Amino acid sequence: MSFYFIVFIGRRRSMGEIRVALAGIGSCASSLVQTADFVRRDSTALNGIMYERIGGYRVSDMQFVAAFDVDSRKVGLDLAKAVVTPSVAAVLHTDIEPTGVSVEPGPLLDGIGGNLVGVVEPHPASREATIDDVADRLTAVRADVLVCLLPTGATEAIQSYARAAVRAGVAFVNATPEPVVHDPALAAAFAERGVPLLGDDLRSHLGATTLHTALIELLQSRGLAVVNTYQLNVGGNTDFLNLADPGRAVQKTRTKRSALQAAGIDASTVSAGPNGFVEYLGDEKVCMIRVEASSVLNSALTLDIRMQVEDSPNATGVLVNAVRIAKTAAEHGHAGAVHDACAFLFKNPRVGATESVGIRQFRAYVDSVARD
């Protein structure tokens with residue numbers, strides 16, 4: 001234990017930047033890299049950013065120090081080039097300066113399956129890459145946070161990155177629906193190692209799940225009973241292509257239902273999740289939500305909402321919060337799952353909450369770690 005304590009204190013000495021590693025260089029990674037680069041050049045460009053500072057850290061303090069992928073088209077490229085390389089669908093909103101970070105082969109394992117077979121050609125070195133390789137690299141670059149953006153359904157690969165983060169003593173943000181916070185052995189390993197863990201399944205900043213749960217809470221606050229509801233989502237990026245395979249989408253449906261359950265309804269049979277790949281939409285996502293409720297004298301109220309949003313930047317609004325929370329949690333000695341922040345940031349945290357409770361807990365946590 002004393003060895004871990006020394007390593008942990010060593011990380012706390014590095015103030016003023018957050019050294020970020022990325023696993024999975026797709027559309028979400030592209031928007032995150034674009035945002036960090038854009039804000040560094042224009043500090044006023046904060047639309048959609050809830051907090052200029054969290055724990056004293058700005059979005060511009062994120063420095064990318066490592067990147068892992070299995071796609072032969074991306075491995076070996078500078079991160080700035082990899083995030084605009086097919087099959088990335090994210091719109092390029094700003095020119096990205098070279099990062100000096102070369103994309104390295106990560107462990108393939110079950111990362112490519114279903115509809116991704118034939119779309120992504122794995123780099124030969126990814127078949128040989130191991131957890132130890134990732135852990136050693138995270139240690140060598142002195143990473144603070146590893147953000148996992150791998151495809152849904154890649155359970156083995158995602159959990160392998162989590163184990164690498166534990167070995168390296170690096171905080172882990174699980175943006176995927178695959179269980180990490182919900183895996184008892186992994187969650188315990190992060191707690192025992194003294195390393196923060198955030199997850200599972202990143203919410204969009206203002207996406208289908210956030211809107212859906214907020215509507216449910218609004219109706220219930222007026223005493224209305226939700227009778228029926230559904231949430232249908234289609235999109236054209238690689239995430240939706242992957243999720244069009246029912247075998248790869250199992251955890252995504254589960255985490256969406258979990259969020260609706262936390263909102264106060266029985267969501268065990270609710271249709272909520274990815275419902276189709278429409279290629280021409282690109283990085284646009286279209287969501288249809290219907291809520292049927294019963295009011296006074298059993299009178300009926302029905303809401304039908306259609307929302308269209310650029311998908312990857314919508315995730316970035318949450319990622320820039322999660323990364324700064326992870327770094328700050330490490331500095332404050334918060335080990336294991338950061339429950340007070342996760343209910344707002346993720347669809348399937350260990351401890352769920354309604355929309356209003358989740359944001360109240362999140363704001364209280366940010367206030368508790370604030371520094372000049």
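The axes of helix 4 (residues 131-140) and helix 5 (residues 155-168) come within 8 Å of each other and cross at roughly 45 degrees. Helix 4 is therefore oblique to helix 5, where angles under 35 degrees count as roughly parallel, over 145 as roughly antiparallel, 65 to 115 as roughly perpendicular and the rest as oblique. The model is predicted: local features need pLDDT of at least 70 and side-chain atom pairs count only at pLDDT 80 or more, whereas totals for chains, interfaces and linings use all residues. Residues are numbered from 1 along each chain as its sequence is written, and side-chain values use heavy atoms, with hydrogens and water left out.

**Helix 4 and helix 5**
- The crossing of the two helices is right-handed.
- On the helix 4 side, I131, D132, V134, A135, L138 and T139 take part in the contact (heavy atoms within 4.5 Å).
- Their counterparts in helix 5 are S160, Y161, R163, A164, A165, R167 and A168.
- The residues of this contact comprise 8 nonpolar, 2 polar and 3 charged.

**Strand 9 and strand 10**
- Strand 9 (residues 284-294) and strand 10 (residues 300-310) run antiparallel and are joined by 11 bridges.
- R290 has D304 in strand 10 as its bridge partner.
- The hairpin of these strands has 5 residues between them, and L297 takes a positive phi near 60 degrees.

**Confidence**

Note on methods:
Axes fitted to C-alpha atoms, helices over the stretch in contact; angles between N-to-C directions. Helix = DSSP H or I, 4+ residues; strand = E, 2+ residues; numbered from the N terminus. Left-handed = near helix turned anticlockwise from the far one by under 90°. Nonpolar A, V, L, I, M, F, W, Y, C, P; charged D, E, K, R; others polar. Pairing = 2+ DSSP bridges.
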